[in-house]
Each structure stands twice: as C-alpha cells, then as structure tokens.
Amino acid sequence: MLKTSPTVKTASVERLLDLWSERFILNLSSLSSGNLSPYSSLQEAASAEGRAFTAAKLKDNVLDVNCQMAWIQTKALYGYIPNVLDLNEARLITQFAFRIYRKLLEIYQQQSLENHLLTAGLEDNVSVLGIQAVEELASALEPILMVFQEQHLASKDWRALGFMTTQLNFSNKLILKKLTPPEKILLTPYLKFVEEQIAMPWYRVCAAAAKYELGSPMLTLVQQMLPVCEDVAQSVYRQLVELLPNHRSRRGGLSDPEVTYSCLRDLNMFQAYIWLCLLEESMTPLKKELLPLCEMVVQGVEIPWEMIEKWCQVLADEMISRVNPEQQELLLPYIEGMQQLFFEERARLGFREESVGGVI
C-alpha cells in the first residue's frame with residue numbers, strides 16, 4: 001500500500017535510499033557484443049536527444065492505446081469474476097494509468113546517464129548505473145500514484161486492488177514492445193519502479209531509518225539485508241516450487257513465467273513490510289495493510305490458507321538463516337509476529353484444513 005512518506009534527511013536515511021536505488025540498476029546482459037563498441041548505441045539512447053526520441057516514440061496516443069489494451073488484458077485475466085469493475089471505474093483507472101506513464105516519461109527525459117560514467121566506459125561502472133535520484137522520482141510520481149490507488153480503493157471491491165499491479169505489469173510489457181534493445185535497458189528500471197512503488201513500502205522503510213544512527217544494530221541489519229532481498233525471494237520461490245509441485249493458479253503452475261513473476265514480486269513485498277515493521281518497532285503495517293490484502297486474496301481467489309502459511313514459514317526460515325544470532329534476536333519478534341497474525345486470522349475466519357496443492 002502506498003502512503004505519503006515525508007523524508008527527514010539523515011545519514012541513515014541517505015544510506016537506505018542508496019540501497020533502494022540499487023534495485024534499479026541497468027541490466028546490460030542483452031547488449032550485443034558483436035560489434036566493436038556494444039555500448040555506443042546505449043550511449044546514444046541515453047543522451048538527452050536519445051531520451052527525447054524514446055519519449056516521442058511513446059507519444060500520448062500510443063500510451064493511451066497501451067493503457068486501454070492493458071485494461072482489456074487485465075479484465076480478461078479476471079474475467080471469471082463477474083462484474084469485477086464497472087465501465088466507469090475501468091475508464092477512470094485507465095485514465096490515471098495513462099497519466100502515470102506520461103509523467104514518468106517527463107522525468108525520464110530530465111534524468112540523463114550521459115555523464116562521466118558513460119564516457120569513462122560502461123563496462124567498469126555497470127553496478128552504479130540506473131535511476132538517478134530515486135527519491136526525486138518517488139516524490140514526483142507520488143501524487144499521481146496516490147490518486148491511481150484511490151481509484152481502486154474507491155470501488156469498495158477488494159478485487160480492484162488486483163487490477164492495480166496487474167494493469168501496470170501489462171502496460172509495462174506493451175510499452176517495452178515499442179522500444180529498441182538499448183531503449184528497453186534504459187527505461188526498464190523506471191517501469192519496474194512504478195510497479196514496485198504502488199505495492200512495496202520501500203520509501204517508507206527509508207524514511208523510518210531517520211531515528212537510527214549509522215552503525216546501530218537495527219539499521220545495520222536492514223542495511224545488510226536490503227541488497228539480498230531479491231536473492232531471498234528467489235531462494236524461497238525455488239523451495240516453494242519443490243514443496244508444492246502440483247500447486248496451480250488460474251494463470252498456471254508455480255513454474256509458469258507469469259506466476260513466477262508475481263510470486264517473486266510478492267516475496268519482495270513481504271520482506272519490505274517486515275523491514276518497515278522492524279524499523280518502526282510496530283506490527284501495524286503487517287496487521288493493517290499486508291494481512292488484509294492477503295485475506296482478500298485468500299477469500300476471493302480461493303487460495304488455500306495453508307499455502308499462505310507455508311509461504312510465511314519458508315520466508316521466515318530463509319531470512320533467519322542469513323543473519324547472525326544477535327541479529328536473529330532483533331528479527332524474530334517480527335518474523336514470529338507475522339506468522340502469528342496469519343495463524344490468528346485463519347482461526348478467526350474459520351478456514352478448515354486443506355491441501356496446499358490445490359487450485360488458486
């Protein structure tokens with residue numbers, strides 16, 4: 001859930017902002033090495049002129065069509081649920097999705113990679129190239145994303161929440177189809193940022209670091225674990241595939257690409273909420289935001305509750321295995337608190353024992 005997060009600038013906050021920005025570095029693996037300078041086309045696309053050309057390619061009518069197509073695809077995915085959104089709600093959501101991308105392209109043109117890193121040679125600097133000034137991007141997009149989120153919440157139907165990230169995911173894929181490989185490399189981190197920002201409270205995690213000094217145990221733990229969140233998600237996902245080989249959803253099995261993507265995204269989201277709770281020293285974000293969302297999914301899409309509990313258990317074990325005994329003492333109350341919340345909610349809702357290998 002996206003919430004306004006005014007940031008007090010401290011050394012601790014700056015450190016987490018730097019770590020957050022590392023989630024959006026460029027992936028250069030698709031660059032061809034068949035020519036003398038595989039980075040020359042990237043340099044050209046990264047220039048002010050190149051970024052303006054990319055934005056012009058995705059002019060308003062293209063964005064509008066893409067957002068509408070993404071809505072149609074999302075509607076088709078959720079088509080088994082009658083009346084998930086009425087036409088007026090869908091139009092509003094599509095209009096605000098269009099505004100998000102138009103604003104994103106404005107920012108994309110303003111932030112340039114045409115600097116000393118490029119001229120010095122990308123080969124030696126790939127680990128530091130990505131979105132410039134991630135906090136500025138978050139602040140610029142926040143008002144539009146908040147209204148986009150409000151349009152979903154205003155429907156008073158939990159299923160509209162599923163449209164939020166799904167529509168952005170489909171829109172991102174349609175936009176990338178219009179781009180050249182170098183353009184895709186440069187714009188992908190921005191598209192990833194939009195999709196994450198609506199679902200993951202990373203900005204709030206950074207803001208919550210303000211009350212901690214550099215070197216404090218709590219901050220050190222978060223600093224250590226933020227860079228490996230993706231590795232944790234990958235490891236947990238692989239374990240779940242092995243544990244639940246027959247588990248399927250309406251989008252396919254756990255090993256299908258679309259389901260894999262969603263699982264990895266959600267495993268990152270769970271971690272973000274755990275670190276937010278730890279830094280705020282409160283279970284409220286998990287209890288008031290993540291738990292209700294999971295409850296909606298369990299009830300509406302008929303995911304066996306045991307699947308959620310298995311998910312939490314494997315994630316908890318993986319996170320605990322990556323920290324030392326002193327850090328485990330800091331982390332355990334929030335890991336165990338998460339598991340207890342889900343256990344109590346299941347009991348409250350009266351879910352019976354079911355196989356976790358069922359259909360979701």
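Glu 289 has its place in helix α14, which covers residues 284-301; helices here are DSSP runs of H or I with at least four residues, numbered from the N terminus. This is a predicted model, in which local features need pLDDT of at least 70 and side-chain atom pairs count only at pLDDT 80 or more, while totals for chains, interfaces and linings use all residues. Residues are numbered from 1 along each chain as its sequence is written, and side-chain values use heavy atoms, with hydrogens and water left out.

Glu 289 counts as buried because its relative accessibility is 8%, where buried means under 20% relative accessible area, exposed over 50%, and partly exposed in between, with a 1.4 Å probe and protein chains only. Its side chain makes a polar contact of 2.8 Å with the side chain of Arg 204, and another polar contact, of 2.9 Å, joins the side chains of Glu 289 and Tyr 273. A polar contact is a pair of N or O atoms within 3.5 Å; within protein, one must be able to donate a hydrogen and the other to accept it, and residues adjacent in sequence count only if both atoms are side-chain atoms.

## Helix α13

Helix α13 has 24 residues, 257-280, and should span 34 Å at 1.5 Å a residue, which agrees with the 35 Å between its end C-alpha atoms; the expected span is 1.5 Å times one less than the number of residues. Of these 24 residues, 19 are buried, and just after α13, Glu 281 takes a positive phi of about 55°.

## Leu 145

Leu 145 lies in helix α7, residues 134-153, and counts as buried at 0% relative accessibility.

Technical notes
Helices (H or I, at least four residues) and strands (E, at least two) are DSSP runs, numbered from the N terminus.
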